[in-house]
Amino acid sequence: MMVERYDKLLEAIECERTEEEKYYRSLAADKSIKEKMEAGILWYPVIMTKHFYTVGEYLELQFEKTRNTNVPHKLKTGMGCRIYKDLGHKQEFDFKGTISFIRKNKISVILRDNVVTKDDLANMNTNLCIELVHDERPYKVMKAAIQDLIKTEKPHLVKLRNGVAEKSAFQTKPSDPFVHQPTHLNESQNNALKNICYSDQMSIIHGPPGTGKTTTLVALIKEIAKSEKKILVCAPSNNAVDLLATQLDAVGLSVLRIGNVSRISDNLTHLTLAEKARNDDEWQHIKRVKIEAEVAKNHAGKYKRNFGAQERFNRNALYKEAKELRHWARDLEYKLLDRLVSNSQIICATLIGASDKSIKDLSFKTCVIDEASQAMEPECWNAIIKAERVILAGDHLQLSPMVKSNEAKALGLNQTLLSRMTDVIQHSYLLDTQYRMNDKILSFSNKMFYNGLLKSAPNNKDWTLPEDDQIVVMIDTSGCGFEESFNAKSRSRYNEGEYYILREHFIQSKKQYEGASIGIISPYSEQVKHLRNHIEDDEMFRGFDVTVNSIDGFQGQEKDVIYISLVRSNNQGEIGFLKDEKRLNVAMTRARKKLIMIGDLSTLSQISLFNNLAKHIEENGTYRSAWEFMNMT
């Protein structure tokens with residue numbers, strides 16, 4: 001049973017790897033530059049603005065896009081890419097790397113295995129392309145983690161491995177009455193802290209939206225740090241790791257952020273291994289040795305082909321000296337990095353980044369994984385196998401990680417550790433007080449997904465926009481003729497009519513929206529694209545803080561006002577992945593003071609989820625027909 005389960009996970013990883021490779025090939029196959037840009041996989045044209053070597057002697061290249069600056073794209077940090085120069089009839093060079101930084105029109109790429117000449121660097125001035133490619137590394141890391149897990153004989157890992165396979169409740173341990181309970185935590189947060197602090201094997205903090213999960217985790221890690229020399233803190237994304245690292249640093253813990261400095265937010269560079277190394281007194285010594293090596297190499301290169309025995313001897317001696325100096329500098333650098341890692345108490349990394357060579361030989365008593373609901377199980381094991389116990393935090397009723405392969409889903413890759421174990425283990429604790437939204441916005445999700453166990457804090461329970469008594473609004477487009485459209489190229493859907501209804505509602509509410517943050521969400525990427533294009537060109541939205549994104553893109557964020565454009569409207573009652581209850585839960589719980597949903601209830605209500613939502617709005621919110629807004633135009 002145990003071996004079979006993890007063998008299936010290995011098979012699932014390979015299915016997902018194959019599917020993703022196929023996906024990237026299909027995006028790029030026989031497509032022009034324009035078509036690749038429209039598919040979101042290409043930046044063009046870009047120029048190189050800077051190049052330098054990182055700690056570890058990796059070449060990092062920085063680029064800037066000079067045209068097509070508003071074209072939407074799929075490039076993100078951590079993704080694999082290729083850099084090439086397009087000359088129409090041929091490509092001048094082709095280097096592969098990993099995107100280490102991306103912001104607006106600037107992007108950085110780290111090259112790991114390529115040899116780049118001075119001529120190559122000089123040619124990176126015009127017509128450069130940066131294109132997404134399939135990245136094997138995460139899959140190799142996940143496979144290696146599961147293989148190590150299957151083979152391990154370490155007692156604590158055997159218990160964890162078998163316990164997860166068998167859905168064990170794991171043994172309980174009484175809470176420590178002497179655990180410090182911070183006054184800034186509420187009762188449910190302190191209950192989680194005191195029971196998890198010294199628990200065995202596995203513990204879970206179930207943190208629904210706005211319940212202070214990160215605040216609780218920081219307090220918990222600070223308490224554990226009183227008795228443990230080192231703690232591994234991970235999350236699936238760089239943003240989530242950065243948030244925790246920032247807050248752990250703020251409470252005075254010794255934090256080391258593992259990962260390339262360019263992947264990490266600017267205010268955290270002082271926590272990275274590279275920056276700590278550069279700020280150490282020993283670094284100046286290492287730099288001097290590197291300079292001496294370069295000087296010796298340059299002097300050796302000055303000897304030409306025609307020279308005598310003495311000159312040949314001198315040249316060889318200089319090359320030997322340069323080689324020895326480089327080795328010495330490398331040894332000094334490794335010793336410095338080892339010391340910096342050794343002196344840090346909290347090691348923060350992404351789940352895949354937990355395999356970084358700088359910490360590969362470290363072991364921990366405790367591994368903490370935040371946003372575990374967004375992490376595939378094999379990712380988690382890559383961090384867990386370094387520790388004796390794991391603390392998972394997240395909300396399994398929010399979106400799961402994206403799994404493309406249906407075969408991988410059938411083999412269980414889309415089930416997270418958090419969703420598998422939250423309702424099973426003894427040490428699982430719900431944070432029950434939310435500090436984000438008006439209670440009326442919470443009410444549907446609370447009833448449908450959280451069994452009515454959540455409550456709203458007094459400060460936000462009744463907060464609203466100025467003079468607003470319509471907190472939750474459903475605008476029904478039934479019968480208005482706003483049928484969905486399908487873009488065959490992007491294979492996504494959009495609904496033009498829903499934008500015009502949204503715009504009319506926005507115009508009516510402009511006075512209330514002054515000073516408010518506004519989010520506009522849609523589950524369909526094509527609708528997000530249409531909404532962005534319209535809003536960017538529409539003077540009605542000028543001067544307002546408006547963000548447009550997909551449901552996936554909004555997870556973890558919040559805005560004072562949220563609009564949700566649901567898109568689906570057809571005679572067949574087909575709603576596709578809107579059937580996924582988690583998507584609706586995420587979308588609705590982004591709002592703080594006002595929530596407006598726009599959709600065709602005659603289509604959506606074909607399933608019980610939206611039928612229940614419609615009934616809930618009629619009883620607890622404001623139902624409006626889109627006809628009201630059409631008559632005004």
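## Notes on a predicted model

1. Let's start inside the protein: Glu228 and Arg389 are both buried (buried is under 20% relative accessible area, exposed over 50% and partly exposed in between, with a 1.4 Å probe and protein chains only). Their side chains meet in a salt bridge, at 3.6 Å from N to O (a side-chain nitrogen of Lys or Arg within 4 Å of a carboxyl oxygen of Asp or Glu). Glu228 sits in the loop between α7 and β8 and Arg389 in strand β12 (residues 387-394), so this pair ties together parts that are 161 residues apart in sequence. Helices (H or I, at least four residues) and strands (E, at least two) are DSSP runs, numbered from the N terminus.

2. A word on the source: this is a predicted model, in which local features need pLDDT of at least 70 and side-chain atom pairs count only at pLDDT 80 or more, while totals for chains, interfaces and linings use all residues. Residues are numbered from 1 along each chain as its sequence is written, and side-chain values use heavy atoms, with hydrogens and water left out.

3. How is the protein chain divided? There are domain 1 (31-134), domain 2 (138-254 + 359-431), domain 3 (277-342) and domain 4 (436-629), with bounds from an automatic or database domain assignment. The centres of domain 1 and domain 4, taken over C-alpha atoms, are separated by 37 Å.

4. Back to the charges: the count of salt bridges comes to 30. One of them joins Glu14 to Lys143, with the closest N and O atoms 2.4 Å apart. Glu14 belongs to helix α1 (residues 2-28) and Lys143 to helix α4 (residues 137-151), so parts that are 129 residues apart in sequence are tied together. Glu14 is partly exposed, at a relative accessible area of 27%, and Lys143 is partly exposed at 23%. Both take part in a network of salt bridges that links Glu14, Arg17, Glu21, Glu136 and Lys143.

5. Now look at Asp468 and Lys594, whose side chains form a salt bridge at 3.1 Å, N to O. Asp468 lies in the loop between α16 (458-461) and β16 (472-476) and Lys594 in strand β22 (residues 591-599), so the pair connects parts that are 126 residues apart in sequence. Asp468 is buried, with a relative accessible area of 10%, and Lys594 is buried at 2%.

6. Which of its residues are buried? They are Asn238, Ala240, Val241, Asp242, Leu244, Ala245 and Leu248. Their cover includes α7 (213-224), β8 (231-235), β9 (255-257) and β10 (346-350). After α8 comes Gly252, with a positive phi near 90°.

7. Finally, the rings: the structure holds nine aromatic pairs. Among them, Phe506 and Phe541 form a tilted pair, 4.4 Å centre to centre with 40° between the planes. Rings of Phe, Tyr and Trp (its six-membered ring) pair if their centres lie within 6.5 Å; planes under 30 degrees apart count as stacked, over 60 as edge-to-face and the rest as tilted. Phe506 and Phe541 are both buried. Ring pairs link Tyr499, Tyr500, Phe506, Tyr513, Phe541, Phe544 and Tyr563 into a cluster.

Terms used: Contact means heavy atoms within 4.5 Å.
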